[in-house]
Amino acid sequence: MADDDGAEIAELVLRVARTQRRRWGDVLAPWALSPHQARALRVVAAREGARLSDLAEALHIAPRSATEVADALQERGLVERSPDPTDRRAVLLRATDEGRRVQAEVDAARRADTRDLFARLPATDRAELARLLRALTD
């Protein structure tokens with residue numbers, strides 16, 4: 001491949017990312033969750049209690065945006081707010097039973113879709129792709 005500056009590779013990586021993001025949106029459709037909401041639910045469900053600032057940091061978004069995502073999840077009954085016992089000014093987000101159920105279903109659907117996408121490659125190519133991508137991550 002004569003791509004000395006990496007432009008073609010960069011374009012291909014972006015196209016794969018867009019493909020995966022589109023597929024991710026399709027996977028989430030049965031639960032009417034946005035990718036942002038699904039990531040937020042995963043963060044909250046993985047912790048016994050997450051502050052909004054923790055959620056914002058984990059998602060790399062502004063605290064105001066984390067509040068909006070948490071509000072949407074709370075309206076759907078997927079998370080609940082409770083006082084932080086260590087800081088009376090703060091609240092903790094916790095996944096409800098319904099939120100944990102939805103999170104488990106979403107994770108299973110995403111794993112299945114990811115498996116289908118990468119099944120296009122033989123196992124040795126998947127391993128090599130993972131090795132190469134790890135070498136490029138920060």
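# A tour of the predicted model

Residues are numbered from 1 along each chain as its sequence is written, and side-chain values use heavy atoms, with hydrogens and water left out.

**Whole chain.** Switch to a cartoon. The protein has 6 helices and 2 strands, in the order α-α-α-α-β-β-α-α along the sequence. The radius of gyration, 18 Å, is well over the 14 Å that the globule rule gives for 138 residues, so the protein is more spread out than a compact globule. That radius is taken over C-alpha atoms, and the rule is 2.2 Å times the number of residues to the power 0.38. Helices (H or I, at least four residues) and strands (E, at least two) are DSSP runs, numbered from the N terminus. Along the principal axes, the C-alpha atoms fill a box of roughly 60 × 30 × 20 Å.

**Charges.** Colour the charged side chains next. There are 24 positive and 24 negative ones, and the centres of the two sets lie 3 Å apart. Lys and Arg count as positive and Asp and Glu as negative, without His and the chain ends; each charge is placed at NZ of Lys, CZ of Arg, CG of Asp or CD of Glu.

**The hairpin.** Select residues 79-84 (strand 1) and 87-95 (strand 2), which pair in the antiparallel sense over 6 bridges. Pairing requires at least two bridges found by DSSP. The two strands form a hairpin with 2 residues between them. Pick Arg81 to find Leu93 of strand 2 opposite.

**Gln37.** Move to helix 2, residues 35-45, and select Gln37. Gln37 counts as buried because its relative accessibility is 17% (buried is under 20% relative accessible area, exposed over 50%, partly exposed in between; 1.4 Å probe, protein chains only). Leaving aside residues up to four places away in sequence, Gln37 touches Ala32, Val69, Ala72, Leu73 and Arg76, where contact means heavy atoms within 4.5 Å.

**Leu133.** Finish in helix 6, residues 123-136, at Leu133. Leu133 has a relative accessible area of 39%, so this residue is partly exposed. Its C-alpha atom is 26 Å from that of Ser34, 99 residues apart along the chain.

Notes
This is a predicted model: local features need pLDDT of at least 70, side-chain atom pairs count only at pLDDT 80 or more; totals for chains, interfaces and linings use all residues.
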